Amino acid sequence: MTSSTPDSDGGVVSVRTAADPPRIRFGGVDILRALAVLTVVYSHISYFLVDDLGTPWWLIDVVTLVFVEHGGLNHHLSFVGVAFFMILTGLVATASVVRNSPRAFLVGRAARLLPVFWLSVLAAIVLVRLGVNGMFSQTVGISNAEAAMSFVLGGFFVRPEVVVLGVTWTLVVQGVFYVYAVCMRRVLASRPVLVPVVGAAVCWLILLYTDLVPYEYTIPMVDKVAATLPTVFLGQIVYLAFARLASWRALLLAGLAQFAVIRYATTVDAFHVGQQGHLWTVLVLVVAVVLVAPTDTAFGRSRVIHWLATRSYTIYLVHTLVLYRIYSLVEPHLGATVAVLVFALITGVLSDLVYRYVETPAARWIARHWSGHPRTPAPTANEPTSSDPTSGPQAS
């Protein structure tokens, strides 16, 4: 159903209040997913070459000049991919959590995320124990108990952190959002704008606690989750705006609350990468999502964009497993550009194989047997992100 509210000019604005939200087709989301995953991969290449190896590369010089120095985005574009994927998570998941039962929603998310996550963590553990890769934390090697914790993201919450695959930290953020959305499901159906507002307040309180108590009484990963969740809520607010489920004034206030939390997070260094460019980066990406998500173009339906979008989650998990070793083997003989191209080719092949033979069949099997619904929606990549490979999961 809908209700009417007067606008500032005395007219009437129709605002939806239905518990069953409207189905909105976001034809441009695949473009955003493709751009996000390319940015994630670029940021890790940039960190590795510039911060770890101290070597120049022409593409990094161009991107830094155009997008960082003149565009104002953050260094290495490190938060661009993270924020893009988080905004898209809030955008595409908000309607689903109301439309489906809690069980169906959570099982659908688990079916989508867990099989490739577990496979990637297993591969990371094997590569570390074989001496092929190093850890994404200050620890050296990984014990059996620490390996077991990695399969449930437990290594991010111990001190010192034990992280075998740094990019998985964003799954913590997504998991918290999914559980929070399910817990607030009734509120989301009746007073949807309260969900991101309450979420912002909770995140602000967590960051305030971190700011006031000694470091030894905090958990850095909790701070980072509280700092990152507002970008997910911004995606949720964008969906509420497109669906007309709240007035523009309420949505504007909810959005400003998220930016206030992000601003506070930078002052207490909850992102653990400094303060440069975060607010502006998020604002630019929100505008990009608003402009691109509802479009339906031939470019957005092209094979390349579709391939990158559907494989984006797998690429996100796989690429740091092979980046550093491949580059180190190829670059001394063929140069940086060829080394990056070889890395991209191998990552693409591995990601395609994992998508075809692990992600898709496993997601369908889990959804079919555990969701409680006979139909099994095909998985599409819409969430995860990445972290900084040079300093573990602390940077992004």
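This is a predicted model: local features need pLDDT of at least 70, side-chain atom pairs count only at pLDDT 80 or more; totals for chains, interfaces and linings use all residues.
**Notebook: rings, charges and a patch**

I started with Tyr316 and found that Tyr316 counts as buried, at 0% relative accessibility. My cut-offs: buried is under 20% relative accessible area, exposed is over 50%, and partly exposed is in between (1.4 Å probe, protein chains only). Residues are numbered from 1 along each chain as its sequence is written, and side-chain values use heavy atoms, without hydrogens and water.

**Overall**

I counted 14 helices and two strands in the protein. These are DSSP runs numbered from the N terminus (helices H or I, at least four residues; strands E, at least two). Of the 396 residues, 53% are buried. I then turned to contacts (heavy atoms within 4.5 Å). Among contacts with a separation of 6 or more, 76% join residues 24 or more positions apart. The protein exposes about 17,500 Å². Carbon and sulfur atoms supply 67% of that area. Areas are by the Shrake-Rupley method with a 1.4 Å probe; for residues, only the protein chains shown count as cover.

**Rings**

How many aromatic pairs does the structure hold? I found 13. Phe48 and Tyr327 make one that is edge-to-face, with 5.7 Å from centre to centre and 85° between the planes. Phe48 is in helix H1 (residues 29-53) and Tyr327 is in helix H13 (residues 312-334), so this pair ties together parts 279 residues apart in sequence. I checked the cover on both. Phe48 has 7% relative accessibility and counts as buried. Tyr327 has 3% and is buried too.

Next came Tyr313 and Tyr316. The rule: Phe, Tyr and Trp rings (for Trp the six-membered one) pair with centres within 6.5 Å; planes under 30 degrees apart are stacked, over 60 edge-to-face, the rest tilted. Both residues belong to helix H13, three residues apart, about one turn of the helix. Tyr313 is buried, at 1% relative accessibility.

I also noted a cluster. Ring pairs link Phe105, Phe177, Tyr178, Tyr180 and Phe233.

**Charges over rings**

I looked for NZ of Lys or CZ of Arg within 6 Å of a ring centre and within 35 degrees of the ring normal. The charged end of Arg159 sits over the Tyr215 ring, 4.2 Å from its centre. Lys224 lies over the face of Trp169, and here the distance to the ring centre is 4.0 Å.

**Salt bridges**

My search of the whole structure gave five salt bridges (a side-chain nitrogen of Lys or Arg within 4 Å of a carboxyl oxygen of Asp or Glu). Arg33 meets Asp30 at 3.0 Å, N to O. They are three residues apart in helix H1, a separation of about one helical turn. Both Arg33 and Asp30 are buried.

Which residue forms a salt bridge with Arg112? I found Glu359, with the closest N and O atoms 2.9 Å apart. This pair links distant parts of the chain, 247 residues apart: Arg112 is in helix H4 (residues 102-129) and Glu359 is in helix H14 (residues 336-370). Arg112 and Glu359 are both buried.

Arg356 and Asp352 meet at 2.7 Å, N to O. They are four residues apart in helix H14, again about one helical turn. Is Arg356 buried or partly exposed? Arg356 is partly exposed, with a relative accessible area of 46%. Asp352 counts as buried, at 15%. I traced a network of salt bridges here, linking Arg311, Asp352 and Arg356.

**Thr347**

Helix H14 also holds Thr347. Thr347 is buried, at 5% relative accessibility. Leaving out residues up to four places away in sequence, I found that Thr347 touches Ile315, His319 and Val322.

**A surface patch**

Last, I checked the surface. Trp58, Val62, Leu65, Val66 and Phe67 make a nonpolar patch of about 480 Å². Patch residues have over 30% relative accessible area and no salt bridge; like charges are joined within 9 Å, nonpolar side chains (Val, Leu, Ile, Met, Phe, Trp, Tyr) within 5 Å. I placed Trp58 in helix H2 (residues 58-70).
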